[in-house]
There are 2 protein chains.
Amino acid sequence: MVLLSGGLDSATALALAREQGFRPHAITFDYGQRHRVELERAGAIADSLGVESHTVFPIDLRVFGGSALTADIDVPKPGEGAASHIGGSIPLTYVPARNLVFLSIAVALAEVRGSLDVFIGVNAVDYSGYPDCRPEFIDAYAKAAGLATRIGVESESDRPLKIHTPLAGLSKADIVRLAVRLGVPMELTVSCYDPTLACGPCNECEACVLRSRGFEQAGITDPAVQTWAQDKGRHDGAHQTG
Amino acid sequence: MVLLSGGLDSATALALAREQGFRPHAITFDYGQRHRVELERAGAIADSLGVESHTVFPIDLRVFGGSALTADIDVPKPGEGAASHIGGSIPLTYVPARNLVFLSIAVALAEVRGSLDVFIGVNAVDYSGYPDCRPEFIDAYAKAAGLATRIGVESESDRPLKIHTPLAGLSKADIVRLAVRLGVPMELTVSCYDPTLACGPCNECEACVLRSRGFEQAGITDPAVQTWAQDKGRHDGAHQTG
């Protein structure tokens, strides 16, 4: 069971699960995110890489408020300056305990699908102040989740549920290189916190800055730039003819 | 933050939180349960005991299937025979990792409300084969949840989030006695897995059997019996005049 957001990291985690011999299921959360294009791209990525099933799970985190990813708060756009804040205080784009909630639903669905393995594409760079991306959290959570499921209770199985975080130790540049090697459809992935289908990524938020720096350090041109340009071309063309 | 289902145990947990000096918030999950009357009663209990806020959080666990509490599977009705199965294999009414999912959302909402304390009314009797009611699960979960929230990261607070399970060691009879002492509006609580507003509790499912035995052992008449009879009288009257 792979948590698939539509971003580069989760797409790479999905490709890695396949390479390791798993027949992956994917789950994507429709949580009232302002970057709705993620949902569309997650579906396209699941189709492209191949999954046993893809579940889009609706959960309205907007009732919680408190995050620029869901509420009517402007996404911070410090541009390149953002990089200097990575690993510092908790950013405005933090959704309260989001990974705690998403992992729990993924574990429940994994149990239904008969899976003992949950993949999540968190990494050290993505952490950047999000407490529920920390390795200590993932380790403690895996232990709790194993105890919450039929597994470990029913006698026929004594292998506990495992939370895989294959990107945990990788830099963004490492992930870009890995994605290339695995044939991840990087052109479909979207990392921006505030993109639009018409205009593409903002190129200014923390996620955009991390992504472009990762591609730069890996010495690879981001193929998504081309996809966005084509989308924009079609959009503009549609406007001209419409 | 108190998880309030509309049942006797969670109502008692809420009353206990108040007695301990907390100003409680409550959260109730609208998860596609077949016993919808729970939601109505949860609201009435919250009003009766007094809460700072009551959030009804919609989450559709029916997409998971696999439980008689949500799917089109008959609730098992072994009558008194049910009691002999308590603590045995996982029952048909098990919703995959439900407490894992519910606790995670409650923790997220607690964080938003600025609360460091989450109350859940699980107890040894309620366990009856549900892996995510076990104390080992709650302990491991509390550790993970503490790491997933701002608390423990922000420097101004070093007290971790706590999951309170004040009923963990109590029998159903103990809980009934405690509920009486605390003035819990027991007449509003509903424990049955398959009640209807018109007909009341089924008196045959495991939850009904546990409840009636608890009242019997505590030497107290279940006031909900009277409430249901009144509801039924009103319902029948409405039918006759209608």
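Reader: Where in chain B is the place of B:V122?
Author: A word on the ground rules: this is a predicted model, in which local features need pLDDT of at least 70, side-chain atom pairs count only at pLDDT 80 or more, and totals for chains, interfaces and linings use all residues. Residues are numbered from 1 along each chain as its sequence is written, while chains are lettered from A and ligands numbered from 1 in the order in which they are written. Helices (H or I, at least four residues) and strands (E, at least two) are DSSP runs, numbered from the N terminus. On that basis, B:V122 is found in the loop between β4 (117-119) and α4 (124-127) of chain B.

Reader: Is B:V122 buried or exposed?
Author: A residue is buried if 20 or more other C-beta atoms lie within 10 Å of its own, exposed if 12 or fewer, and partly exposed in between, with C-beta atoms placed from the backbone. B:V122 has 25 other C-beta atoms within 10 Å, so this residue is buried.

Reader: Leaving aside neighbours within four places in sequence, which residues is B:V122 in contact with?
Author: Two residues are in contact if their C-beta atoms, placed from the backbone, lie within 7 Å. With neighbours within four places in sequence left aside, the partners of B:V122 are B:C133, B:I138, B:T165, B:L167 and B:A168.

Reader: Which residues touch the most other members of the largest nonpolar core?
Author: A nonpolar core is a set of buried Ala, Val, Leu, Ile, Met, Phe, Trp, Tyr and Cys residues joined through C-beta atoms within 7 Å. The largest one has 138 residues. Leaving aside neighbours within four places in sequence, one of the residues in question is in contact with B:M1, B:L3, B:I27 and B:V118. The most other members are touched by A:A106 and B:A106.

Reader: Which residue in β2(B) does B:V2 stand opposite?
Author: Two strands pair if DSSP finds at least two bridges between them. Strand β1 (residues 2-3) of chain B pairs with β2(B) in the parallel sense over two bridges. Strand β2 (residues 25-30) of chain B is mostly covered, with five of its six residues buried. In this pairing B:V2 stands opposite B:A26.

Reader: What pattern does chain A follow along the sequence?
Author: Chain A has eight helices and five strands. Of its 242 residues, 52% are buried. Read along the sequence, the pattern is β-α-β-α-β-α-β-α-α-β-α-α-α.

Reader: Why do the buried residues of α6(A) line one face of the helix?
Author: Helix α6 (residues 172-182) of chain A has A:K172, A:I175, A:V176, A:L178 and A:A179 as its buried residues. Seen down the axis, with directions taken from the helix axis to the C-beta atoms, these residues line one face because they fall within an arc of 165 degrees.

Reader: How far apart in space are A:L116 and A:L161?
Author: A:L116 sits in the loop between α3 (98-113) and β4 (117-119) of chain A. With 15 C-beta neighbours inside 10 Å, this leucine counts as partly exposed. A:L116 and A:L161 are 45 residues apart in sequence, yet their C-alpha to C-alpha distance is 4.6 Å.

Reader: Which element gives the most to the side of chain A that touches chain B?
Author: The contact takes 36 residues from chain A and 36 residues from chain B. At least two residues each come from β3 (53-58), α3 and α5 (135-148) of chain A. By class, the side of chain A has 24 nonpolar (Ala, Val, Leu, Ile, Met, Phe, Trp, Tyr, Cys, Pro), six charged (Asp, Glu, Lys, Arg) and six polar residues (the others, Gly among them). The most, 10 residues, comes from α3(A).
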